[in-house]
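Visitor: I would like to learn how to read the helices and rings of a protein model. Could you take me through one?

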Amino acid sequence: MVERLTRQEQRTRNRLRLLEAAEKVFAERGIQGASLDEVAAEAGLTKGAVYSNFAGKEELVLAVMWHRLGEEEQAQADLLMCADRPADDLVKMYGEHWAATARGGDQDLYARVAVEFMVYATRHPGIREELLTLLFPPTEMRRHPLAPPGSALADLPPEQADAILKSLDIGMRLLTLLAPEHCPPELFPTALDLLTSPKADSSPEG
């Protein structure tokens, strides 16, 4: 039986196809070097389908980042934030999750697009503001969940701890892509452990 989709269901499906195609094309050809025609062709759709979903290339790239960050944040939430575990255990689980996704190449295409777009955003104030909203959403955390009590990271405001952890994530993901022989995925849990270890003059609260 032929699957019958409503107009909204078809639009949603086309949007997802375009996001996946855009990630692949932008990663392979670069954001500046890729065209929307190539994205449409990769998705098996027309250029009109691109413009019926996105105003242009910049909006499409932002949508790719929202899509991927949303998926990754949900995976992390399922793995960590909803777990009734001590912060030390969450750090270990997160480090293992990061290394596993890096080894599997699950984030390779997205990492290439994200890093290039971050550099692009430094030269375009409007895009920069949108990207910052995406990367640093408002939070009511009193302590970052990956900052165990007694660690230097826990002494920082949660937004600063989050910025440090995001910097580690982005930097090591790029180096893992660029030079895995120098920065293997397994190095991330080691770095995370160093950041979250108890201070020499302190011990974790009970």
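Guide: Helices here are DSSP runs of H or I with at least four residues, strands are runs of E with at least two, and both are numbered from the N terminus. This is a predicted model, in which local features need pLDDT of at least 70 and side-chain atom pairs count only at pLDDT 80 or more, while totals for chains, interfaces and linings use all residues. Residues are numbered from 1 along each chain as its sequence is written, and side-chain values use heavy atoms, leaving out hydrogens and water.

Visitor: How far apart in helix H6 are Phe-117 and Tyr-120?

Guide: They lie 3 residues apart in H6 (residues 108-121), which means that about one helical turn separates them. Both Phe-117 and Tyr-120 are buried (under 20% relative accessible area, with exposed over 50% and partly exposed in between, for a 1.4 Å probe and protein chains only).

Visitor: Which kind of aromatic pair do Tyr-94 and Phe-188 form?

Guide: Rings of Phe, Tyr and Trp (its six-membered ring) pair if their centres lie within 6.5 Å, and planes under 30 degrees apart count as stacked, over 60 as edge-to-face and the rest as tilted. The count here comes to 3 aromatic pairs. The ring centres of Tyr-94 and Phe-188 are 5.9 Å apart and their planes stand at 70°, so this pair is edge-to-face. It links distant parts of the chain, since Tyr-94 belongs to helix H5 (residues 87-104) and Phe-188 to helix H9, 94 residues apart. Phe-117 and Tyr-120, by contrast, form a stacked pair, with 5.7 Å centre to centre and 15° between the planes.
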